[in-house]
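Me: I've got a structure open and I'd like to learn how to read its salt bridges and helix contacts. Can you walk me through it?

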Amino acid sequence: MTVQATEPTGGQLTDDVVGMSHHDTTARRILVIYLPLACFVFVLLFPFYWMAITAVKPNDQLTNYAAHSPFWVVGPTLDHIKYLLFETSYPNWLWNTVIVSVCSTVIALGASVFAAYAIERVRFTGARVTGLLVFLAYLIPPSILFIPLAFIVFQVGIFDSRLALILTYPTFLIPFCTWLLMGYFRSIPFELEESALVDGASRWQILTRVILPLAVPGLISAGIFAFTLAWNEFIYALTFIQSSENKTVPVGVLTELVRGDVYEWGSLMAGALIGSLPVVILYSFFVDYYVSSMTGAVKE
């Protein structure tokens with residue numbers, strides 16, 4: 001006995017399409033797509049809105065919620081921002097944060113490229129174990145590492161300097177960047193490297209002329225993540241920096257704008273808002289490369 005497969009006719013396909021179309025109504029799109037998206041956008045942007053309105057609120061509106069709404073500002077002022085920029089060391093904190101973040105990110109990326117390439121492409125004995133150890137090193141919390149690192153920083157004589165942060169931040173940036181680049185290097189076809197070896201290229205030439213040009217999205221993504229981690233780091237900066245002029249933004253805003261039980265909320269929010277802008281601008285410029293690296297966009 002033979003069974004013949006019957007194909008749906010054009011009328012049946014039309015009926016199926018019409019039957020499914022009632023699920024794609026306006027109410028369903030609002031409930032399934034637009035409402036969750038609106039909730040996500042609200043949760044994401046509300047902290048920035050709160051920081052912005054608090055930064056321009058007069059002092060009498062910051063705590064007097066009986067006479068003024070906490071969600072709106074009447075008669076905005078720039079006094080908090082002026083105080084932050086011209087009467088504190090905030091410009092120095094911002095400059096210190098930029099220098100430390102950029103230098104530590106460059107060091108971390110340079111070391112991570114060699115480590116990730118060696119683990120994923122050279123295929124030496126124990127490569128997988130090494131990659132696992134690198135990932136486990138990233139999982140070690142900084143609250144455990146800062147004690148031995150503090151001892152080393154004191155012994156070397158770089159305490160209370162930007163160099164202390166530049167040399168200690170790679171301890172948690174390199175494992176993370178290496179783990180991220182390992183996954184991206186793994187997505188690059190081995191045939192490209194084998195063809196370069198057949199043509200007589202050295203390992204250095206393969207890395208610089210074949211692998212790195214294809215891995216630009218991954219490098220940018222790792223750099224963004226490393227820069228963000230270094231920009232927002234708090235424990236090492238609090239432990240290794242003492243003088244006000246050498247502090248970074250996360251530490252300076254918290255330690256210099258809070259005096260006992262007095263919180264300068266306007267300047268605090270202004271400092272937090274201005275401090276978050278460089279990271280937002282960085283993500284906005286390289287969002288295409290970031291998404292590309294997350295999806296492993298490499299075509300053979």
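Predicted model: local features only at pLDDT ≥ 70, side-chain atom pairs only at ≥ 80, totals over all residues.

Me: How many salt bridges does the structure hold?

Reply: A salt bridge is a side-chain nitrogen of Lys or Arg within 4 Å of a carboxyl oxygen of Asp or Glu. Here there are five. One of them pairs Arg-128 with Glu-120, at 3.1 Å from N to O.

Me: Are Arg-128 and Glu-120 buried or exposed?

Reply: Buried means under 20% relative accessible area, exposed over 50%, and partly exposed in between (1.4 Å probe, protein chains only). Arg-128 counts as exposed because its relative accessibility is 56%. Glu-120 counts as buried, since its value is 4%.

Me: Which residue forms a salt bridge with Arg-121?

Reply: That's Glu-193, with the closest N and O atoms 2.9 Å apart. This pair links distant parts of the chain: Glu-193 sits in helix 10 (residues 190-198) and Arg-121 in helix 5 (residues 90-122), 72 residues apart. By helix we mean a DSSP run (H or I, at least four residues), numbered from the N terminus. Both Glu-193 and Arg-121 are buried.

Me: What about Arg-203 and Glu-193?

Reply: They form a salt bridge too, and their closest N and O atoms are 2.3 Å apart. Arg-203 is in helix 11 (residues 203-214) and Glu-193 in helix 10, so the pair links distant parts of the chain, 10 residues apart. Arg-203 counts as partly exposed because its relative accessibility is 35%, while Glu-193 is buried at 3%. Elsewhere, salt bridges that share partners join Glu-120, Arg-128 and Arg-186 into one network.

Me: Now the helices. How do helix 11 and helix 12 cross?

Reply: Axes are lines fitted to C-alpha atoms, for helices over the stretch in contact, and angles run from 0 to 180 degrees between N-to-C directions. The axes of helix 11 and helix 12 (residues 216-232) come within 4 Å and cross at roughly 65 degrees. That makes the two helices roughly perpendicular (65 to 115 degrees).

Me: Which residues make the contact?

Reply: Contact means heavy atoms within 4.5 Å. Helix 11 brings Leu-212, Pro-213 and Leu-214, and helix 12 brings Val-216, Pro-217 and Leu-219.

Notes
Residues numbered from 1 in each chain as written. Heavy atoms only, no water. Parallel < 35°, antiparallel > 145°, perpendicular 65-115°, else oblique.
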